[in-house]
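Work through the exercises below with the sequence and the 3D view side by side. Try each task before reading its solution.

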Amino acid sequence: MKIVVCIKQVPDTNEVKLDPVTNRLIRDGVPSIINHDDKSGIEQALRIREQLNDGSTVTIVCMGPPQADVALREALAMGADDAYLLSAREFGGSDTCATAIIVSTALKRIGYDLVITGRQAIDGDTAQVGPQIAENLNVPQVSYAEEVYVDKDKNEVLVKRQYEDRYHMIKLQMPCLLTALQELAEPRYMHAGGIVDAYNKDITVWGFDDLKDGLNPDDIGLMGSPTRVVTSFGKMQKGAGVKYDVPAEEAVDIIINKLEERHLI
């Protein structure tokens, strides 16, 4: 069984700043990390491989600049078998649609039974790339996965999908794609031996020329992206709120009144 996990290297959002002219993230000098949901996807893939214990493999795919090599080596140090970096000037400026086209083209060449992506990236929060990849691959998909069970004999995946105040249990045939919640699996720590092994492995780098047979230049990059950023803004700061120094009985009445005012009860 071939499990492929698509990851993104993102800026540490605690230190993100926005360019007031372009409305884009300022990434220079900002430390980068593996997107949280994606890292949970890596862990889930490793657990499935360990559960099957039949020679199944975990492959990591990341589209980004050359420095995304660091994120891929972190995934290798966690225990992934191999990794691919999709990096080219032609890919720069791609929105979610163009990114999904590039990644799905690479996946077709790599091969897959199960594809796992993060639900969404913390630098964009669109939650679009995973489903768009599935559409390009024409495979069934389940988003917001919080538990995953694989039955290789039946070639099936059973997914517990988070849904508002309840959950769905969805069964689908492989090949398929899942988008992982951060709660899906707690990522393991790298160990010293894994880090050494990761830096002794070769990462396959594919540029435009390696994928051009499946790509139309008009559909990728900044010019091929239908999305245009109009405005961006940081997290809004909440007010200090109102403090009440009253006995418990009065506090209960105040809380109930406030909840009723907001139509929460």
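**Exercise 1: Aromatic rings**

The structure, a predicted model, holds one aromatic pair. Find the two residues that form the pair, and classify their geometry.

Solution. Step 1: apply the criterion. Rings of Phe, Tyr and Trp (its six-membered ring) pair if their centres lie within 6.5 Å; planes under 30 degrees apart count as stacked, over 60 as edge-to-face and the rest as tilted.

Step 1: read the geometry. The partners are Y84 and W206, with 4.8 Å centre to centre and 55° between the planes, and the pair is tilted.

Step 2: Y84 belongs to strand β7 (residues 82-86) and W206 to strand β13 (residues 204-206), so the pair ties together parts that are 122 residues apart in sequence. Helices (H or I, at least four residues) and strands (E, at least two) are DSSP runs, numbered from the N terminus.

Step 3: check burial. Buried means under 20% relative accessible area, exposed over 50%, partly exposed in between (1.4 Å probe, protein chains only). Y84 has 14% and is buried; W206, at 9%, is buried too.

A note on conventions: residues are numbered from 1 along each chain as its sequence is written. In this predicted model local features need pLDDT of at least 70, side-chain atom pairs count only at pLDDT 80 or more, and totals for chains, interfaces and linings use all residues, while side-chain values use heavy atoms, with hydrogens and water left out.

**Exercise 2: Charges over rings**

Find what lies over the face of W206 and of Y167.

Solution. Step 1: a charge sits over a ring if NZ of Lys or CZ of Arg is within 6 Å of the ring centre and within 35 degrees of the ring normal.

Step 1: R109 lies over W206, at 4.3 Å from the ring centre. K160 lies over Y167, at 4.3 Å from the ring centre.

**Exercise 3: Nonpolar cores**

Which residues of the largest nonpolar core touch the most other members?

Solution. Step 1: a nonpolar core is a set of buried Ala, Val, Leu, Ile, Met, Phe, Trp, Tyr and Cys residues joined through side-chain atoms within 4.5 Å.

Step 1: the largest core has 40 residues, and I7, I42, I60, L114 and V157 touch the most other members. Helix α2 (residues 69-78) gives the most to this core, with six residues.

Step 2: apart from this core lies another, of 24 residues, with Y84, I101, I110 and I133 among them.
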